[in-house]
Amino acid sequence: MKRWLVEGSYQLSENSKEIVFSGVDAEKFAPYLLYDYSRFSFASHESIVLSFQKSFDKRALAWGLLKRYYSGFFAAHSLLRSLGHGVLWVDAADASHLQKTARIYIRDDFLLPLGAYKFDFKANNGYDATLKIEKIGSRGGSHEEFWKYFLKFMIDYSNDLVTRNAPDAGQFAARMTDLKRIMCARGENSGTWLSFIRNEINYQQKFGTWFPFSSAKKSRLQESNILKLGNAGSNLLINPQSSPIEAFSSATCFLALINMDLANLLKARAGAGASQFRREWDRLNVALS
């Protein structure tokens, strides 16, 4: 999607903290959004499947868990993009291009800080679509800021579904509440617990996931049949206080399995514009089988 910032056609304006891209042709924007959705969806699917491989043994317990983390992280990105939202990273090249354009449309001294931005795309009538971006975070790392945004967005989205009495809204909201309980465990009230545990495993070698470790954990974490059950196969009722590794694995699997369900739904229902996605999703599944 970042390529569209350089290649796309739009007008720029400023609304408080938001940068607004207006006059967007939704049909021309859609392939960029689909490309972004696809790359995150594929990366999540590959990571979750590989985390259940036979080589996931006592010498690789931590690496398997880290694959689970990234499967959930990539899945969360893909889920947001499927709804026209997400987080993108503005680097020096992006900022330079946008600043030159904004100094034409907005003001001569316009500056765009580097970092993470949330975005919101609205198709409207198709020929006057809008994309809004707004800087997020200033204290946490990129993963922490992303998880904060993801959790808030998903809780707000589930509440909106309930308000509109959408089909299965109650079930969706209940699952999001269970996910929030895990993501906000141990005082990480903004939803950064998964990133915290990832760092504890990767950088502090905690929880007995590196040699020598307790083999009691291995059996529960190797139940590869969960991949056949969809998101319903992931248990979000595990207590992250008493069983942090099991809760970490289950929450990340839950997100990855939603991604799998959504990708299969898109493959079945999408029109000609998503034919490449269907082919590549099938190729990936063959390669992983």
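## Helices α3 and α7

Helix α3 (residues 61-82) and helix α7 (residues 193-204) cross at roughly 155°, and their axes come within 10 Å. The model is a predicted one. Angles over 145 degrees count as roughly antiparallel, and α3 and α7 are therefore roughly antiparallel to each other. Their crossing is left-handed.

The contact draws on both helices. From α3 come Ala62, Trp63, Leu65, Leu66, Tyr69 and Tyr70. They meet Leu194, Ser195, Arg198, Ile201 and Asn202 of α7. By class, the residues of this contact divide into 8 nonpolar, 2 polar and 1 charged.

## Helices α6 and α9

The axes of α6 and α9 lie 10 Å apart, and the packing angle is about 140°. That angle makes α6 oblique to α9. Here too the handedness can be stated: α6 passes α9 in a left-handed crossing.

On the α6 side, the contact residues are Arg175, Met176, Leu179 and Ile182. Their partners in α9 are Ala247, Ala251, Phe254 and Leu255. The contact of α6 with α9 holds 7 nonpolar residues, no polar ones and 1 charged.

## The largest pocket

Now the open spaces. The largest pocket contains about 910 Å³ of space. Its lining comprises 30 residues. Nearest the centre of this pocket lie Leu79, Ser82, Phe172, Ile258 and Leu262.

At least two lining residues come from each of α2 (26-50), α3, α5 (142-163), α6 (169-183) and α9 (244-269). Helix α9 gives the most, with 6 residues. The lining of the largest pocket divides into 22 nonpolar, 4 polar and 4 charged residues.

## The second largest pocket

The second largest pocket has a volume of about 440 Å³. It is lined by 21 residues, and those closest to its centre are Lys118, Ile136, Tyr149, Lys152 and Phe153.

β4 (115-122) and β5 (129-135) each supply at least two lining residues, as does α5. Helix α5 gives the most to the lining of the second largest pocket, with 8 residues. The class counts for this lining are 7 nonpolar, 4 polar and 10 charged.

## Cavities

Rolling a probe the size of a water molecule over the atoms shows where empty space is left. How many cavities of 30 Å³ or more does a search of the whole structure find? There are 2.

The second largest cavity has a volume of about 30 Å³. Its lining is made by Leu12, Ile19, Leu98, Phe110, Leu112 and Ile133. Those lining residues divide into 6 nonpolar, no polar and no charged.

## Recap

The contact of α3 with α7 includes 8 nonpolar residues, and the contact of α6 with α9 includes 7. Nonpolar residues number 22 in the lining of the largest pocket. Charged residues number 10 in the lining of the second largest pocket. The lining of the second largest cavity has no charged residues.

Notes: Residues numbered from 1 in each chain as written. Predicted model: local features only at pLDDT ≥ 70, side-chain atom pairs only at ≥ 80, totals over all residues. Heavy atoms only, no water. Axes fitted to C-alpha atoms, helices over the stretch in contact; angles between N-to-C directions. Helix = DSSP H or I, 4+ residues; strand = E, 2+ residues; numbered from the N terminus. Parallel < 35°, antiparallel > 145°, perpendicular 65-115°, else oblique. Left-handed = near helix turned anticlockwise from the far one by under 90°. Contact = heavy atoms within 4.5 Å. Nonpolar A, V, L, I, M, F, W, Y, C, P; charged D, E, K, R; others polar. 1 Å grid on protein atoms, 1.4 Å probe; cavity = no way out; pocket = protein on both sides within 12 Å on 5 of 7 lines; lining within 4 Å. Points joined across faces, edges and corners; volume = space filled by probe spheres on them.
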